[in-house]
Amino acid sequence: MNLNCFPMVRSAKPFLRWWWFSGELEYLEIEEQLNWIKEKGFGGVEIAWVFPLAGAKAGQGPFFLDESWFSYVSFAQDQCKKRELGCDLTFGTLWPFGGNFLPEEYSSRTFNGFSSQRLNRSWESRYSEEPGRILNHLDSKAFSFYADFLLTHGFKTLCEQGPVSFFSDSWEVEVEGLSYGGIFKDFFRKFGYSLEPYLAMLNVDQAIRFDYRKCIADQILEQFYQPYVDMCKKNGASSRMQCHGTPTDILAAYALVDIPETETMLFDPDFALIAASAAAIWNKPVVSSETFSCLYGWVPNTEVPPGLGKEKIEDLKCVADAQFAWGVNRVVWHGMPYSSKKNPHHFYATVHLGPDGTLNGSLSAFNRYLEEMGTYLARGKTFSKMAVYLPLEDQWMLDELPPELVKPSSHYYWELQELHMPDELLSYRPLWFSGKWLEKIHFNGMTLQCGDQDFSVFYCDAEWMSLDSLAVLEKLANQGAPIYFKKFPKEPGQVKHQAYEPLLASLKAHSMKVLDVITPILDSEIPLDFWCRKEGDCYYLFISNPAMRKLRYPIPYGFSASCKGYELWADFHSPNQIYHLPLSFAKLDSLLYKIDDFSKTVELIDTEWRTPEK
């Protein structure tokens with residue numbers, strides 16, 4: 001599939017999430033909103049069908065997937081085309097996927113039977129007394145039924161009228177006791193012992209819990225993510241997905257989809273490295289981000305969230321730059337409520353977009369900045385020197401986060417939100433690497449090659465590592481490949497293998513003893529967050545302002561006022577030359593360099609984001 005035909009790939013203009021509340025719609029209101037969206041420099045919309053507003057009555061407005069609903073969506077899609085805007089579609093109403101049309105046999109399961117979780121605030125909740133069931137994401141037959149139902153009730157036609165991406169938001173399926181038909185048979189086949197006698201021990205026994213999570217993780221990849229991507233391709237759509245929050249190897253999941261999408265600020269900016277690593281290694285041109293979501297904090301929707309309608313563009317600039325330095329090159333604003341002059345509305349979470357928003361006068365200039373940065377950061381391919389083993393086994397051996405680390409978006413270690421790349425590795429522009437990809441890595445005598453990347457070193461810092469991963473790394477180390485272990489791991493899970501210790505002994509003899517023989521990409525007196533793209537002989541180097549490092553959810557309102565300027569030096573190492581860069585950060589500004597390794601020239605690219613509108 002040629003992804004260049006899809007608006008988000010073709011252009012770096014920001015998209016926005018367009019919340020369509022369950023209720024009455026009007027064609028003129030749709031046109032009014034799209035005119036404003038075009039005027040403010042957005043590149044497209046992502047329509048999300050959500051709950052009814054207070055006071056909405058059952059008969060006021062279309063039902064989900066009926067002819068009237070289709071007419072309004074098709075009209076919006078057509079009006080987007082006339083304005084050269086993209087129009088992506090959430091693949092269902094609300095999330096996780098589900099609905100009233102879903103039979104019980106295809107609903108989510110636990111060890112105790114069908115899950116009691118329901119889709120409480122979907123489009124259907126306006127007119128249905130019973131909330132919809134949650135899709136069984138661990139059964140491809142269930143997904144096939146769900147997808148076929150949507151496709152035959154309008155999504156297939158909307159796809160043909162595209163181009164369109166079908167969007168899947170983050171996993172929000174309840175995971176306690178998550179199960180599927182055939183799990184006990186699969187578990188015994190994978191691990192050689194029965195899970196049933198140990199069900200009561202899943203919350204207390206690390207080893208058994210690890211094996212259970214590995215079994216579930218494989219099922220999710222095979223039964224949900226792969227079928228979803230295949231469905232999109234079959235119907236001519238691209239797949240844009242947030243794989244985070246899923247109890248699986250989310251790096252491997254992101255590698256399957258066309259457009260991997262992260263989220264900031266419910267997720268810290270450096271979390272984007274997971275999606276960006278999958279994209280960099282497997283040659284995906286776009287890494288999108290649901291951006292600015294709840295940057296000042298999240299509260300239940302019956303309350304007013306901090307900063308709603310009072311957002312500061314300077315704070316948003318800090319967030320955008322922070323995530324650009326971790327590989328994002330497309331912004332999807334969160335978000336814009338379906339709203340008109342006659343019927344103004346607000347969504348319950350920041351950021352508020354619309355003519356009545358405090359950001360209105362700054363949007364055109366800021367969107368031009370986001371577009372410019374996104375364009376540069378999609379040129380060529382990502383330039384990295386280090387693959388870092390994703391210590392997924394460590395996270396699967398752990399369980400719930402302590403209270404002080406819990407966020408609205410994370411409750412477990414396996415959600416990976418507490419996994420941060422160490423500062424001492426940043427100069428190599430490291431990428432996360434999944435153990436599932438190790439069979440695809442090749443040592444050419446100098447570097448390690450996988451997908452679209454050549455790595456100078458493979459770095460491991462894990463308490464636990466599966467036998468399969470250890471065996472591949474031992475084989476590569478014996479070939480002379482640059483494999484570095486900060487510490488040597490132990491075998492996770494209930495079943496131990498006699499081959500593990502001999503492999504460890506061999507690795508201790510053959511792996512690299514020191515790391516500093518590898519030349520960094522950007523060497524500086526303080527750690528810097530940066531992203532680098534290589535296009536021919538040219539490098540595009542984005543360095544975020546040091547004041548924007550390690551942003552953590554939530555940021556204080558007016559955080560930008562504390563951001564200062566910096567003066568320092570850094571050395572950029574191309575394969576042929578060292579370039580001495582004087583880094584002069586003005587307050588709130590980040591830097592973008594073009595380094596031409598053929599002509600040996602360095603250009604500081606001037607970027608502007610403050611121009612006020614009249």
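Which residues lie nearest the centre of the largest pocket, and how many residues line it? The points below begin with that question; the model is a predicted one.

1. Lining of the largest pocket. Trp 95, Ser 170, Glu 172, Trp 298 and Pro 408 lie nearest the centre of the largest pocket, which is lined by 43 residues. Its volume is about 1100 Å³. Strand S1 (15–22), strand S2 (44–52), strand S7 (118–119) and strand S13 (288–293) are the elements that give two or more residues to this lining. By residue class, the lining of the largest pocket comprises 22 nonpolar, eleven polar and ten charged residues.

2. Second largest pocket. The second largest pocket has a volume of about 650 Å³. It is lined by 28 residues, and Lys 214, Glu 393, Ser 466, Leu 467 and Asp 468 are the closest to its centre. At least two lining residues come from each of helix H5 (183–191), H6, helix H11 (392–397) and helix H12 (467–478). The lining of the second largest pocket divides into eleven nonpolar, seven polar and ten charged residues.

3. In soluble globular proteins, nonpolar side chains tend to be buried together. Here the largest nonpolar core has 193 residues, and those with the most contacts inside it are Trp 20, Phe 91, Phe 155, Phe 166, Trp 333 and Phe 458. Helix H6 (residues 206–234) gives the most to this core, contributing 14 residues. Apart from this core lies another, of 19 residues, including Phe 383, Leu 528, Tyr 579 and Leu 581.

4. Surroundings of Phe 166. When neighbours within four places in sequence are left aside, the contacts of Phe 166 include Phe 91 and Phe 155, which are likewise listed among the residues with the most contacts inside the largest core. Phe 166 is also in contact with Tyr 228, Met 231 and Cys 232, as well as with Ser 238, Ser 239 and Arg 240, among others.

5. Side chains of opposite charge can pair when their charged atoms come close. The structure holds 28 salt bridges. In one of them, Glu 31 pairs with Arg 83, with the closest N and O atoms 3.8 Å apart. These partners are 52 residues apart, Glu 31 in helix H2 (residues 27–39) and Arg 83 in the loop between helix H3 (67–82) and strand S3 (86–93). Glu 31 is partly exposed at 25% relative accessible area, whereas Arg 83 counts as buried at 13%. In another, Asp 270 pairs with Arg 552, with the closest N and O atoms 3.5 Å apart. Asp 270 lies in the loop between strand S12 (259–265) and helix H8 (272–281), and Arg 552 lies in the loop between strand S25 (538–543) and strand S26 (566–573), 282 residues apart. Asp 270 is buried, with a relative accessible area of 12%, while Arg 552 is partly exposed at 29%.

6. Lys 40 and Glu 39 form a salt bridge through their side chains (3.9 Å, N to O). Lys 40 counts as buried because its relative accessibility is 4%, whereas Glu 39, at 54%, counts as exposed.

Methods. Residues numbered from 1 in each chain as written. Predicted model: local features only at pLDDT ≥ 70, side-chain atom pairs only at ≥ 80, totals over all residues. Heavy atoms only, no water. Core = buried A, V, L, I, M, F, W, Y, C linked by side-chain atoms within 4.5 Å. Buried < 20%, exposed > 50% of the residue type's maximum accessible area, 1.4 Å probe, protein only. Helix = DSSP H or I, 4+ residues; strand = E, 2+ residues; numbered from the N terminus. Contact = heavy atoms within 4.5 Å. Salt bridge = Lys/Arg side-chain N within 4 Å of Asp/Glu carboxyl O. 1 Å grid on protein atoms, 1.4 Å probe; cavity = no way out; pocket = protein on both sides within 12 Å on 5 of 7 lines; lining within 4 Å. Points joined across faces, edges and corners; volume = space filled by probe spheres on them. Nonpolar A, V, L, I, M, F, W, Y, C, P; charged D, E, K, R; others polar.
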